[in-house]
Amino acid sequence: MVVGEVTVTPTEAIEGIVERAHQAYLAWREVPLHKRVEPMRRLKRLILKERHAIAELIAREQGKPYIEAMIVELFPPLDVSAFLMYEGVRLLQPRRVRSKNPFFSDRRSTYYFHPYGVWAVIAPWNYPFTIPMTQLMALVLSGNAALLKPSPLTPLIGAKVEDLFKRAGFPEGLVQIVQGGAPQGEAMLASPLVRGVIFTGSVPIGRRVAEQAAKTNKKVILELGGKDPAVVLADADLKHTAQGIAWAAMVNAGQTCASVERVYVERRIYEPFLNALREELAHIRLGHPMSQETDMGPVVARFQRERVQKHIEDACAQGGRILLGGRVREEIGELYHEPTLIADATDAMLGMQEETFGPLVMVQPVDSAEEAVRKANASAFGLTASIWTRDPRKAQRLAPLLECGSVSVNSHIVAYGDSYGVWGGFKDSGVGRTHGEFGLYELVQPQYVSEVYTGKPELWWYPYSERVHRITDWLMEFLAEPSLKLGGKTLRRLLPEMRYLTRHFSPLKMSGGFLRYLR
Ligand code: NAD
């Protein structure tokens, strides 16, 4: 069904678009932070005002149910805009450096946070609004400009994102759209004026993007695929766990980078858990994304449906038991795939190794929590994971053992929803971070400015002398292992050299510095 049409951006036009963005950036970076907040506030209000139309466009173009679009695509940008306007502005202010190094006690040092310039934001189709919108918000607040290239499967939502930035009153050219696929993405990356890229998508394309970006030394952030595990311990609340995993496995028809695809369950509760999960999944209603009766819409395209079918066939051939689903519901439409539950999954199955990215969840019994963690980590991916237990001590012991960017306990994918959370993966799931404090600092270049006005030459400047050798040696011993005892010894050694040292340092400040160094 045709939802609308857009014009593909000719690749020859991209250098001009980048140049306009660069000009916009040069003016925008001079705008003080508190002024950058004004269009951000208008953008937030526009999103709120137009939320129903935006959710409907997402439902029609991408296929997630309207209410799900409201929850997972509209909430995060609204929350992130609030985070940026309050916390973001604070985090980006110049900040004093509290150095304890005694050599630098007589000066003032400050961190400044500078934008990079123009960024390419290359986005996927599965969360076509929240992903680029939140990334662009953080980019512009921190003084950057950006070009958004949405997925060719969701170009209208991309166009809507650009339209919102324009109407919010951000300067002309600061956020522009480039419509198209790989050729347009590659043309953006070829430009030396593009100084950074946030790529969200698959692992192979992510690698390619990083290779291309390296040619002009761009900053690279990669948000890539996942194969998220859920670890279900024997003391878990079965109903709650089944409810949570059913949602986390099937949200957006399973087309979520962080959807639960592998479940490791302690053997003692294996069968009761399977029953509980089957019951929850059986209640999911497939249907048109605009219907209020729908829990799950279609997959985005045929290739998605085929990948799910391939993983199901492979699991069945290797002894997997289909407990629910398994079929495409042709009577609703060729892209409506049933929520599918496979029990007795083994490590060798494709669906336990490769990203399925569809409405399929596979469950495997394990003998202990340790075995579950080992299996959860035995993957090239490491986006997020969840632990399901009533025991906080167990959860807190196991969570740091999981090799992934975030862990939710008795829930899943919480880090994306909380604007204070950080988003990103270990291993093949990504490089760098978006969201929260750490995500914001990825978008700026910290600059260290050190000021001294004493007029004294540094101790380490020419000429080198026998005295400098001696003093350097004593100070090195103290700085490497500062202790009261060594401090006393160093002080006794330095006393006869005080007159010389005051040529280089203010004695009071340096003594204070030495005391602070005894941490
Ligand atoms: P994809 O890698 O096929 O495409 C992503 C984007 O890259 C699209 O805009 C595409 O047009 C563009 N692209 C393709 N070839 C390119 C090239 N050579 N140079 C530059 N750009 C190019 O991914 P997709 O199918 O759109 O999205 C699904 C994937 O994204 C899944 O693997 C999913 O796990 C991942 N994803 C990750 C996150 C995360 O936050 N970690 C979020 C959403 C999706």
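The second largest cavity is lined by 15 residues, among which Pro229, Ala376, Phe381, Gly382 and Glu403 lie nearest its centre. Strand E8 (228-232), helix H13 (369-377) and strand E13 (384-388) are the elements that give two or more residues to this lining, where helices (H or I, at least four residues) and strands (E, at least two) are DSSP runs numbered from the N terminus. The volume of the second largest cavity is about 70 Å³, and its lining residues divide into seven nonpolar, three polar and five charged. In this division Ala, Val, Leu, Ile, Met, Phe, Trp, Tyr, Cys and Pro count as nonpolar, Asp, Glu, Lys and Arg as charged, and the others, Gly among them, as polar.

The model is predicted, so that local features need pLDDT of at least 70 and side-chain atom pairs count only at pLDDT 80 or more, whereas totals for chains, interfaces and linings use all residues. Residues are numbered from 1 along each chain as its sequence is written, and side-chain values use heavy atoms, with hydrogens and water left out.

On a 1 Å grid over the protein atoms alone, a cavity is a set of points where a 1.4 Å probe fits but cannot get out, and a pocket is an open set with protein on both sides within 12 Å along at least five of seven lines; lining residues have an atom within 4 Å of a point. Grid points are joined across faces, edges and corners, and a volume is the space filled by probe spheres set on the points. Four cavities of 30 Å³ or more are held by the structure. The largest cavity, with a volume of about 120 Å³, has 14 lining residues, of which Thr134, Ala138, Thr434, His435 and Gly436 are the closest to its centre. At least two residues of this lining are supplied by each of helix H4 (66-92), helix H5 (130-141) and helix H16 (436-441), and the lining comprises seven nonpolar, seven polar and no charged residues.

The largest pocket contains about 880 Å³ of space and is lined by 37 residues, of which Phe199, Thr200, Gly201, Ser202 and Ile205 lie nearest its centre. Two or more lining residues come from each of helix H7 (182-190), strand E6 (194-200), helix H8 (203-214) and helix H11 (302-317), with the largest share, six residues, contributed by H8. The lining of the largest pocket has 20 nonpolar, 10 polar and seven charged residues. Because domain 1 (15-224 + 437-447) and domain 2 (228-411) both give residues to this lining, the largest pocket lies between them; the domain bounds come from an automatic or database domain assignment.

The second largest pocket, of about 500 Å³, is lined by 21 residues, with Met1, Val3, Arg60, Glu61 and Gln62 nearest its centre. H3 gives the most to the lining of this pocket, with three residues, and the lining draws at least three residues from each of domain 1 and domain 2.

The ligand is surrounded by 30 residues, the closest being Ala123, Ser202, Leu224, Glu355 and Trp423, where a residue is near a molecule if one of its heavy atoms lies within 4 Å of it. Polar contacts, defined as pairs of N or O atoms within 3.5 Å, include one at 2.5 Å between an oxygen atom of the ligand and an N or O atom in the side chain of Glu355. A polar side-chain atom of Lys149 lies 2.8 Å from an oxygen atom of the ligand, and an N or O atom in the side chain of Trp125 is 2.9 Å from an oxygen atom of the ligand.

Definitions and conventions. Polar contact = N/O pair within 3.5 Å; in protein donor to acceptor, adjacent residues only side chain to side chain.
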